[in-house]
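Welcome! Please take a moment with the sequence and the model shown here before reading on.

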Amino acid sequence: SGTMFTASHSQKSNVDDNIHNSSYCFDTNDYLGKAADAKSQAKQAVKERDFDKAWRLFHEQKEYYVKHANRIGFSARDALSLDSTVHEDLANILRVGGKHHDAFFNILYWVIASRHRPIKRHEQKLKAYFNRCKFKNTTIEDVCDYIAGCGNTIVNPIKIREQVERWRACE
């Protein structure tokens, strides 16, 4: 019984050592884990109203997503879809700062990049952020037509930004 305990304790120790050693590899190559950590820290910074720190950390999250997508071999569409998820949080920071057009761009990018996997929150956020812009000559239907016009092409954030600027220039 004493020998059995020692043997099982010894095996447990080897397992623990292996877990510890493999977690080192896991930590250095786990971009999704690092992205999750950056997001968690960014959300805490938002709660503390340290928006500059949150902005930096959300961009760190985006960098880890890019590294993960490259490592796994994501398609461009899937990589941009993953990247765009951070833009919901970036939009929130911009909204709090009263930068409604910039916030709307981030939401629009997120919605378009994820249009192959729509969720109810896309429509809700799109309308809310659109309304904050108080466009006089652009309707939510115009925005929905623009999204539909993107079809299955790869999302281009520069073109989306330009479109938001065109809508803004019509005011």
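## About the model

This is a predicted model, in which local features need pLDDT of at least 70, side-chain atom pairs count only at pLDDT 80 or more, and totals for chains, interfaces and linings use all residues. Residues are numbered from 1 along each chain as its sequence is written, and side-chain values use heavy atoms, with hydrogens and water left out.

## The whole chain

Let us begin with the overall picture. The protein chain has nine helices and zero strands; here helices (H or I, at least four residues) and strands (E, at least two) are DSSP runs, numbered from the N terminus. Read from the N terminus, the elements run α-α-α-α-α-α-α-α-α.

Of the 171 residues, 33% count as buried, where buried means under 20% relative accessible area, exposed over 50%, and partly exposed in between (1.4 Å probe, protein chains only). The chain exposes about 10600 Å², with carbon and sulfur atoms supplying 52% of it; such areas come from the Shrake-Rupley method with a 1.4 Å probe, and for residues only the protein chains shown count as cover. A contact means heavy atoms within 4.5 Å. Among contacts between residues at least 6 apart in sequence, 63% join residues at least 24 apart.

Two packed helices are described by the angle between their axes and the distance between the axes. Axes are lines fitted to C-alpha atoms, for helices over the stretch in contact, and angles run from 0 to 180 degrees between N-to-C directions.

The axes of H3 (residues 51–72) and H5 (residues 86–96) come within 10 Å and cross at roughly 165 degrees. That makes H3 roughly antiparallel to H5 (under 35 degrees counts as roughly parallel, over 145 as roughly antiparallel, 65 to 115 as roughly perpendicular and the rest as oblique). On the H3 side the contact includes Phe51, Trp55 and Phe58, and on the H5 side it includes Leu90, Ile93 and Leu94. The residues of this contact divide into 10 nonpolar, three polar and two charged. For these classes, Ala, Val, Leu, Ile, Met, Phe, Trp, Tyr, Cys and Pro count as nonpolar, Asp, Glu, Lys and Arg as charged, and the others, Gly among them, as polar.

## Helix H9 and its partners

H9 (residues 157–169) packs with H8 (residues 140–149) at an angle of about 155 degrees, with their axes 12 Å apart. That makes H8 roughly antiparallel to H9. Asp142, Val143 and Tyr146 in H8 meet Lys159, Ile160, Gln163 and Trp167 in H9. This contact holds four nonpolar residues, one polar and two charged.

How does H6 lie relative to H9, and at what angle do they pack? H6 (residues 100–113) and H9 pack at about 135 degrees, with their axes 10 Å apart. That makes H6 oblique to H9. The contact includes Phe104, Phe105 and Leu108 of H6, together with Ile160, Val164 and Trp167 of H9. Its residues divide into nine nonpolar, one polar and three charged.

## A closer look at Leu82

Is Leu82 buried or exposed? Leu82, which sits in helix H4 (residues 76–84), counts as buried because its relative accessibility is 19%.

Leaving aside neighbours within four places in sequence, Leu82 is in contact with Tyr65, His68 and Phe74. The C-alpha atoms of Leu82 and Ala113 are separated by 8.4 Å, while these residues are 31 residues apart along the chain.
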